[in-house]
Amino acid sequence: MNDATNKKALFIRKLRQWYHKNRRSYPWRDTKNPYEILISEFLLQKTNADLALATYTKFIKNYPSPRSLARASLIKVNRLIFSIGLSYRAERLNKAAKQLVNEFGGKVPDNRKDLLKLYGTGLYISNAVLCFAYNKRVAIIDTNTIRIFGRVFGIKSNLKRPRTDRNLERQIEFFLPIKNSREFNYALLDFGATICTAKQPKCDYCPLNALCIYYRESARQIPT
Ligand code: SF4
């Protein structure tokens with residue numbers, strides 16, 4: 001095995017061990033229903049998962065299918081999700097639901113090309129649906145995963161908007177396990193939200209610190 005493969009194997013093993021004990025539980029993780037997963041990803045955009053939780057539960061109860069959401073009044077949808085902010089979200093949800101009904105027979109597509117046609121979806125949402133609903137091995141490119149891979153392996157994007165960077169996506173994909181990448185992507189999201197946080201990452205307790213470039217470089221900068 002070469003160095004990159006060794007590091008990848010260690011990274012996967014350590015992160016899986018950590019996740020086994022520290023996984024966060026959310027209802028959208030207990031479903032494989034593509035519509036429910038799509039809704040959760042819209043609601044989680046720029047929104048803390050714990051904050052989105054109650055809104056998600058109410059939303060699915062009120063609008064359990066693309067057809068019910070496509071028929072809904074924008075005012076009512078807006079009122080339901082108002083508390084979690086981003087007022088443009090209601091229109092996106094409503095328009096995307098109409099597309100699902102009118103263009104995709106009421107079903108959420110299982111391929112990137114069609115997912116990207118949905119109003120308000122980009123690389124992140126399309127990959128999240130492919131991975132979490134359809135079990136495809138794709139990278140989830142969000143601020144958490146970008147930060148983790150930047151710090152641990154020094155992988156960086158040259159684009160102004162790294163979340164749209166296909167090259168970065170391919171580099172992160174290399175580090176995904178062949179099997180169970182769905183759980184592994186959840187592990188990355190939880191790890192970024194609780195350990196490798198944007199401010200004050202918990203490096204001293206971190207199971208990945210032996211691998212991490214950022215940790216090594218920070219240690220070098222501490223005066224002796
Ligand atoms: Fe993140 Fe620190 Fe762990 Fe590196 S050692 S992965 S920077 S928490």
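This note walks through some features of the structure above, point by point.

1. **Ground rules.** This is a predicted model, in which local features need pLDDT of at least 70, side-chain atom pairs count only at pLDDT 80 or more, and totals for chains, interfaces and linings use all residues. Residues are numbered from 1 along each chain as its sequence is written, and side-chain values use heavy atoms, with hydrogens and water left out.

2. **Helix 9.** The buried residues include R147, F149 and R151. Among the elements covering them are helix 1 (3–22), helix 10 (166–174), helix 11 (181–194) and helix 12 (213–221).

3. Which residue caps the N-terminal end of helix 9? That residue is D142, with a side-chain oxygen 3.0 Å from the backbone nitrogen of N144. Just after the helix comes G154, with a positive phi of about 70°.

4. A pocket is found on a 1 Å grid over the protein atoms alone, as an open set of points with protein on both sides within 12 Å along at least five of seven lines; lining residues have an atom within 4 Å of a point.

5. **A cavity.** How many cavities of 30 Å³ or more are there? The count is 1, a cavity being a set of points where a 1.4 Å probe fits but cannot get out. The largest cavity holds about 100 Å³ of space. It is lined by 13 residues, and V152, C196, C203, C206 and C212 lie nearest its centre. V152 is also one of the buried residues of helix 9.

6. **E36, a buried charge.** E36 sits in helix 2 (residues 34–44). It is buried and has no salt bridge, a salt bridge being a side-chain nitrogen of Lys or Arg within 4 Å of a carboxyl oxygen of Asp or Glu. The nearest side chain of opposite charge is R182, 9.3 Å away; Lys and Arg count as positive, Asp and Glu as negative, and His and the chain ends are not counted. The side chain of E36 does make a polar contact of 3.0 Å with that of T31. A polar contact is a pair of N or O atoms within 3.5 Å; within protein, one must be able to donate a hydrogen and the other to accept it, and residues adjacent in sequence count only if both atoms are side-chain atoms. Beyond its neighbours within four places in sequence, E36 is in contact (heavy atoms within 4.5 Å) with T31, Y56 and I60.

7. **Salt bridges.** The structure holds 8 of them. R182 pairs with E183, the closest N and O atoms being 3.7 Å apart; R182 is buried at 8% relative accessibility, whereas E183 is partly exposed at 30%. D114 and K117 form another, at 3.0 Å. Within helix 6, K95 and E91 meet at 3.1 Å, N to O, and they lie 4 residues apart, about one turn of the helix. A network of salt bridges links R24, R29 and D190.

8. **Loops worth a look.** Between helix 10 and helix 11, the loop contains N180, whose phi is positive at about 55° although it is not a glycine. N180 counts as exposed, because its relative accessibility is 54%. Q200 is in the loop between helix 11 and helix 12 and has a phi near 45°, again a positive value in a residue other than glycine. At 71% relative accessibility, Q200 counts as exposed.

Definitions and conventions: Helix = DSSP H or I, 4+ residues; strand = E, 2+ residues; numbered from the N terminus. Buried < 20%, exposed > 50% of the residue type's maximum accessible area, 1.4 Å probe, protein only. Points joined across faces, edges and corners; volume = space filled by probe spheres on them.
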